[in-house]
Amino acid sequence: MVNVGILGATGMVGQRFIQLLDNHPDFEITALAASSRSAGKKYVDATTWYLNEEMPESVKDIVVCETNPEDMDNDVDIVFSSLPTEFAAKVEKDFAKDYVVASNASAHRMKKNIPLVIPEVNPQFLDMIDLQQKENNWDGFIVTNPNCSTIALTLTLKPIVDNFSVNAIRVSTMQAISGAGYNGVPSMAILDNLVPYIGSEEEKMESETLHLLGDYDGEKVVNADFKLSASCHRVPVIDGHTEAVFVELDDEFDIDDIKDKMSSFKALPQELNLYSAPENPVIVKDEMDRPQPRMDRNAGNGMSVTVGRLRKEQAFDNGFKYVLVGHNTIRGAAGASVLNAELINERIL
Ligand code: NAP
């Protein structure tokens with residue numbers, strides 16, 4: 001068993017880590033860290049548990065530690081980070097001197113030699129790790145996963161960019177409130193309402209998607225070369241991001257071919273049979289009123305992205321459009337880091 005710790009363990013994503021790692025065949029939670037508000041308390045006393053699933057018995061009595069390497073149990077090999085970004089920037093580097101850090105935070109996502117990875121999309125980016133360790137003189141390293149709305153979009157685009165020449169993509173998101181953390185969006189702001197702005201989200205979606213779908217030449221990432229425009233909105237849904245996607249190809253295509261490429265898409269995590277890998281990363285539905293967050297966010301244990309309303313676009317040439325739903329705190333956050341760690345455990349540790 002690999003011993004793992006969680007930074008930000010009491011938060012929205014931290015709780016998902018605990019749920020996903022409970023009874024994991026390769027990873028065992030042995031350390032939980034949070035702010036000084038929680039440190040020194042048993043996890044059960046420090047945490048306002050909000051998930052539908054019960055808090056696992058195995059973590060209730062773990063005493064939450066301060067978030068620094070000196071306070072972390074030495075036997076831990078991997079730390080999962082769900083820290084606020086501004087705090088993650090320094091702390092994750094401190095941990096990387098000795099530990100593997102699998103991070104959700106955006107602090108290090110686009111940094112040189114720090115892999116931003118979706119295992120089905122760009123596992124080759126893990127080749128950066130050697131350079132990262134040499135450059136920083138670290139025994140550990142940092143690997144990051146993308147922003148929640150980017151992961152869902154990129155998984156559905158991967159079978160498209162691999163098989164067709166893409167000219168431009170527009171995406172409009174309808175994002176769940178859990179994406180902002182437990183205290184993120186006041187109920188007075190979101191009930192009977194939507195908010196047409198999420199700070200830095202559009203910039204993250206545009207830059208991270210092109211980076212992930214680009215290539216790593218051994219020294220740097222060369223971005224994918226199509227145009228991408230995102231418009232991001234917060235809606236009164238608890239879990240599950242919905243996105244309306246409009247794709248413009250360079251050439252004519254058959255819509256059934258697009259459907260087939262998406263629904264038959266499998267990649268390295270499926271080949272390696274990684275524990276958290278869904279059988280189908282992308283599920284395509286034919287019903288006219290799907291996908292919907294409440295009905296589709298848990299597909300593939302929350303690790304599949306569900307696509308529907310796949311149809312030709314009439315407003316421009318060689319276009320098609322679809323709607324997707326992905327679970328933002330599972331595939332979009334904790335589950336993404338766990339799958340990254342499973343790949344690292346299989347290939348690197
Ligand atoms: P959250 O619910 O607000 O939880 C924040 C966690 O960080 C808590 O455990 C908190 O501990 C801890 N923390 C806060 N300030 C700290 C400090 N100064 N020192 C040490 N620990 C501190 O936030 P979240 O939604 O889980 O998000 C966490 C990270 O994941 C963020 O970087 C976010 O951008 C990223 N992310 C979130 C999602 C999502 O869907 N929610 C998706 C992708 C990425 P206390 O309880 O002790 O305060």
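This is a predicted model: local features need pLDDT of at least 70, side-chain atom pairs count only at pLDDT 80 or more; totals for chains, interfaces and linings use all residues.
Visitor: How many cavities of 30 Å³ or more does the count give, and what volume has the largest cavity?
Guide: With the threshold set at 30 Å³ or more, the count comes to 1 cavity. The volume of the largest cavity is about 40 Å³.

Visitor: Which helix gives the largest share of the lining of the largest cavity?
Guide: The lining of this cavity includes Cys 148, Ser 149, Ala 152, His 241, Glu 243 and Arg 331. At least two lining residues come from each of helix 6 (148-161), strand 11 (241-249) and helix 12 (330-347). The largest share, 3 residues, belongs to helix 6.

Visitor: How many residues in the lining of the largest cavity are nonpolar, polar and charged?
Guide: Among the lining residues are His 327, Asn 328, Gly 326, Gly 332 and Val 305. By class, the lining has 3 nonpolar, 6 polar and 2 charged residues.

Visitor: Which residues lie closest to the centre of the largest pocket?
Guide: The largest pocket holds about 1,300 Å³ of space. It is lined by 49 residues, and those closest to its centre are Met 12, Ser 82, Pro 84, Ala 180 and Gly 181.

Visitor: Which helix supplies the largest share of the lining of the largest pocket?
Guide: Helix 1 (12-21), helix 4 (85-96), helix 8 (201-212) and helix 12 each contribute at least two residues to this lining. The lining as a whole divides into 16 nonpolar, 26 polar and 7 charged residues. The largest share, 4 residues, is supplied by helix 1.

Visitor: Which elements give two or more residues to the lining of the second largest pocket?
Guide: The second largest pocket has a volume of about 520 Å³. Of its 23 lining residues, Gln 19, Leu 20, Asn 301, Gly 302 and Ile 330 lie nearest its centre. The elements that give two or more residues to this lining are helix 1 and helix 12.

Visitor: Which domains each provide at least three residues to the lining of the second largest pocket?
Guide: The lining of the second largest pocket has 10 nonpolar, 9 polar and 4 charged residues. At least three lining residues are drawn from each of domain 1 (2-147 + 334-347) and domain 2 (148-327).

Terms used. Residues are numbered from 1 along each chain as its sequence is written. Side-chain values use heavy atoms; hydrogens and water are left out. On a 1 Å grid over the protein atoms alone, a cavity is a set of points where a 1.4 Å probe fits but cannot get out, and a pocket is an open set with protein on both sides within 12 Å along at least five of seven lines; lining residues have an atom within 4 Å of a point. Grid points are joined across faces, edges and corners, and a volume is the space filled by probe spheres set on the points. Ala, Val, Leu, Ile, Met, Phe, Trp, Tyr, Cys and Pro count as nonpolar, Asp, Glu, Lys and Arg as charged, and the others, Gly among them, as polar. Domain bounds come from an automatic or database domain assignment.
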